[in-house]
Amino acid sequence: MRLPKFGPVRFRWTRPLGGAIRNATVSRDGGRWYISFCVEDGEAEAAANGKPPVGVDRGVAVAVATSDGGLDEREFVTAGEAARLKRLQQRLSRSLRVHGRTRGSKRRDATRAQLGRLNARIRARRADFAAQTAVRLVREHGMVAVEDLRIKNMTASAKGSVEQPGRNVRQKAGLNRAILAKRWGGFLLKLEHAARYHGAKIEKVNPAYTSQTCNACKHVASESRKSQAVFRCVACGHQDHADVNAAKNILAAGLAVTGRGDLAAGPSVKRQPPERLAA
Ligand SMILES: [Zn+2]
C-alpha cells in the first residue's frame, strides 16, 4: 500500500474487508502501527430483529451488568501485569527525578516503550471485550437501553463527591471517572454501529438515580446502595446486585421512551413488560 509522504508500506491483513475501500487511517498505539480502512459494504440497515429488550449498566463492580441478571465480571489486568505496570512506572518516575525531564536516557526510553507496549496490550484486550459484548447484545436484543453519557457527566459534576474525600483522592476520582466515561463512550460507538447490522435499537436514557432507585418499589434512596455490589431497598427490603438493579431501571427508562415511540406495538416490548422485571 502506498501512503502519501511515506511511500510504499507493508502491512498484515487481520481481517477481510468485505467492501470497497473509501479511505484509510494510520495510527500508532504503544509502538505498534495500525492501518484501518473505511469500506462501503453496500449493506442497508437490518430490519428490526424482534428480540426482547435489555438494559445495560456500565458496572462499577463489574464490566457490564444487564437487566436479565447477566454479570460479566472480568479483570482486564492480571495481577502479574499490575505489578509490572507499577514497577515500570516507578522506574520511569525515578529516572525522571534523577536525570531530569530534558536529558535523554536510553534506559528511560526503553522503560517508556515497555510501559507503552504493556498498556497497549491491556487496551486491546478491553477493546476486544467491548466489541464482542456490543455484538452479543444487539444480536440477542431488539432494544438496548444504556445510560446517556453526556447527562451522566453533568450530574456527576453538579453533585460533587459524596464521601468528600481529600483533594488528591478527589482528583484521582475525577480522572478515573474521565477514563471510565471515555471507555463507555467507545463502547456506545461500537454498540450503535453493531445495532445497525443486527436490527436492534439503542435507547439512551437519563441515568439520574438509576443506581439509587429500587426496581421493585421505585423508592429512591442513596442508603439502599449498600456497597459497590449490593443493593438492598430501605423501603421494601428488595435485594439485588447493585449493577443489575441499575440495569433494570435503565431498561424501564428505555421502555418508557420506546413506549411512546415506534416500538410501542413491537413484539419486543410485549414479550417482557417492566412488571415482570420487578421480581
Ligand atoms: Zn423497594
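This is a predicted model: local features need pLDDT of at least 70, side-chain atom pairs count only at pLDDT 80 or more; totals for chains, interfaces and linings use all residues.
Both Phe76 and Phe129 are buried.

The structure holds three aromatic pairs. A pair of aromatic rings is described by the distance of the centres and the angle of the planes. Another pair joins Trp184 and Phe187. Here the centres are 5.2 Å apart and the planes stand at 40 degrees, so this pair is tilted. Trp184 and Phe187 both lie in helix α4, which covers residues 167-198. They are three residues apart, about one turn of the helix. Trp184 has a relative accessible area of 5%, so it counts as buried. Phe187 is buried too, at 6%.

Stay in helix α4 for a moment. Gly186 also lies there. Is Gly186 buried or partly exposed? Its relative accessible area is 25%, so Gly186 is partly exposed. Now look across to Ala130. The C-alpha atoms of Gly186 and Ala130 are separated by 8.2 Å. Along the chain these residues are 56 residues apart.

Thr66 is buried, with a relative accessible area of 6%. Its C-alpha atom and that of Asp243 are separated by 7.9 Å.

Next come the charges. Side chains of opposite charge can pair when their charged atoms come close. How many salt bridges does the structure hold? There are eight salt bridges. One of them joins Glu147 and Arg58, with the closest N and O atoms 3.0 Å apart. This pair links distant parts of the chain. Glu147 is in strand β8 (residues 143-147), and Arg58 is in the loop between β5 (54-57) and β6. They are 89 residues apart. Glu147 is buried, with a relative accessible area of 3%. Arg58 counts as buried as well, at 16% relative accessibility.

A second example is the bridge between Arg121 and Glu81. The closest N and O atoms of Arg121 and Glu81 are 3.7 Å apart. Arg121 lies in helix α2 and Glu81 in helix α1, so the bridge ties together parts that are 40 residues apart in sequence. Arg121 is partly exposed at 40%, whereas Glu81 counts as buried at 9%. Arg125 joins in: Glu81, Arg121 and Arg125 are linked in a network of salt bridges.

Return to helix α4 for a further bridge. Glu192 pairs with Lys204, the closest N and O atoms being 3.4 Å apart. Glu192 lies in helix α4 and Lys204 in strand β9, so the bridge ties together parts that are twelve residues apart in sequence. Glu192 is partly exposed, with a relative accessible area of 32%. Lys204 is partly exposed too, at 36%.

Arg107 lies in helix α2. At a relative accessible area of 68%, over the 50% cut-off, Arg107 is exposed.

The last stop is the backbone. Most residues other than glycine have a negative phi, and most peptide bonds are trans. Tyr209 is not a glycine, yet its phi is positive, at about 70 degrees. Tyr209 is found in the loop between β9 (201-205) and β10 (230-232). This residue counts as exposed, at 53% relative accessibility. Lys218 also has a positive phi, near 70 degrees. Lys218 lies in the loop between β9 and β10. With a relative accessible area of 46%, Lys218 is partly exposed.

Terms used
Residues are numbered from 1 along each chain as its sequence is written. Side-chain values use heavy atoms; hydrogens and water are left out. Helices (H or I, at least four residues) and strands (E, at least two) are DSSP runs, numbered from the N terminus. Buried means under 20% relative accessible area, exposed over 50%, partly exposed in between (1.4 Å probe, protein chains only). Rings of Phe, Tyr and Trp (its six-membered ring) pair if their centres lie within 6.5 Å; planes under 30 degrees apart count as stacked, over 60 as edge-to-face and the rest as tilted. A salt bridge is a side-chain nitrogen of Lys or Arg within 4 Å of a carboxyl oxygen of Asp or Glu.
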